[in-house]
Amino acid sequence: MDSKDLINLTEHYSANNYAPLDVVISSGNGVWVEDVEGRRYLDFLSSYSALNFGHRNPRITRAAHRQLDTLTLTSRAFYSDVGAHLCKELSELCKKDKVLLMNSGAEAVETAIKAARKWGYEVKGVPEGKAEIIVFDGNFHGRTTTIISFSGSPLSKKGFGPFTPGFVTVPFGDAAAVEAAITPNTVAISVEPILGEGGVIIPPDGFLKALREMCTKHNVLMIADEIQTGLGRTGKVFACEHEGVDPDMYILAKSLGGGIVPISMVAANTPIMKVFEPGTHGSTFGGNPFACGIAREVLALIREERPQDNSAELGAYALERLRSMKSKVIKEVRGRGLMIGIDVDPAAGTAKDFCKKLLHEGLLCKDTRVQTIRVAPPLTITKAELDKGLDLFEKVLGTKESFSISAFLKNPLKALTKAL
Ligand SMILES: *Cc1c(COP(=O)(O)O)cnc(C)c1O
């Protein structure tokens, strides 16, 4: 079957809850993927950062094979050796007393919401059923019925009500609005340090710090959803580190599973985590040994190979190259580490239009919001691979230079390709 057949097959039998680009991937290696016709593409989406360490990262794949041949599932009715080690290592990474393991990102967000509410009633003394959680315009925290109740995207909500109450939405980056929204019943503020799905929006400097101070002052929990920003994406292990902020709860998912399995976690100190007693929360596959074995290798890789440093260095380089690109299309470039958003001029087309052109040139990326292209290659990318990708951005978004004799004499091939 060729790509066209497989797309038709998918469209026939799969629910249409996504609108993929017309490429059918059949293998992947590092930053590269190949389609069923054998065409190669640079993957600059990295599965929304779930592939932070590339496709089939050899270290992680080896660990997965090892675990697959040893133990894959126990349920939480029993303990497991890898589960014990992973909890310790995650707790050390997050500098929190305890962690709770789940599977998807949305489940971890649900876990944090439940923890914050129960903490509110049992520790802070909020009247039962009255807990409020402050969230932000443009947020994305997942797709469960409760989470979409406060989603920043109208499309995620329409037709799915009635919604879960108890959430108050304020503008992202507006510390004064947050302070004004805090009441005696506020139990938590849930924040993405950088809005990911919301368009790669970086808050004003000092915003996270202001949230931290407010939370401390009003006895409110600061929940950092680092599902997309975490584990090196922004050039540090946690994006909160850019402002030296220590939230009360961390949420991780996506790349914790090494691009192989879903695994997510919430980390918090004992006064919060103790609200979970046996029987109050869980998931059959939560903390399964197969996923734990993989996540342990992810953490080892972060400690030993420090992909976060590569992200910081190459991210700064990519930002600079994109910003200095001669283009009539690019309106703004923003980013931190290898988490970059490019706003394109609506007069020239939508971000999706340009993603289709980039696909045609051999580069995969995805629009987030109508006018923003998200650039998020694996953090393990080399400079040469990044340059290859940026050359394609230049080709698609850049203004072609006219033919110049002096450039031709200096580098004939380059001058010709530029002018063509
Ligand atoms: C992807 C994402 C989620 C949801 O994770 P799933 O594994 O898709 O449920 C939550 N929060 C943020 C910031 C995300 O980027």
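**Ligand site and sheet at a glance**

A backbone N or O atom of alanine 106 lies 2.8 Å from an oxygen atom of the ligand. Taken alone, the ligand exposes 380 Å², and the protein buries 82% of that. The model is a predicted one.

**Around the ligand**

- Glutamine 228 places a polar side-chain atom 2.8 Å from a ligand oxygen atom.
- Phenylalanine 140 has a polar backbone atom 3.3 Å from a nitrogen atom of the ligand.

**The sheet**

- The sheet is open and has 7 strands, in the order S4-S10-S9-S8-S7-S5-S6.
- Its pairing is mixed.
- Strand S4 (98-102) and strand S6 (167-170) are the edge strands. Each pairs on one side only.
- Neighbouring strands are turned by 20° against each other on average, direction ignored.

**S4 and S10**

- S4 and strand S10 (residues 264-268) run antiparallel. They are joined by 5 bridges.
- Methionine 102 has serine 264 in S10 as its bridge partner.

**Helix H5 on the sheet**

- Helix H5 (residues 105-124) packs on the sheet.
- H5 touches S4, strand S5 (132-136), S6, strand S7 (186-191), strand S8 (221-225), strand S9 (249-252) and S10.
- The direction of H5 makes about 165° with that of S9.

How values were computed: Residues are numbered from 1 along each chain as its sequence is written. This is a predicted model: local features need pLDDT of at least 70, side-chain atom pairs count only at pLDDT 80 or more; totals for chains, interfaces and linings use all residues. Side-chain values use heavy atoms; hydrogens and water are left out. A polar contact is a pair of N or O atoms within 3.5 Å; within protein, one must be able to donate a hydrogen and the other to accept it, and residues adjacent in sequence count only if both atoms are side-chain atoms. Accessible areas come from the Shrake-Rupley method with a 1.4 Å probe; for residues, only the protein chains shown count as cover. Two strands pair if DSSP finds at least two bridges between them. Helices (H or I, at least four residues) and strands (E, at least two) are DSSP runs, numbered from the N terminus. Axes are lines fitted to C-alpha atoms, for helices over the stretch in contact, and angles run from 0 to 180 degrees between N-to-C directions. Contact means heavy atoms within 4.5 Å.
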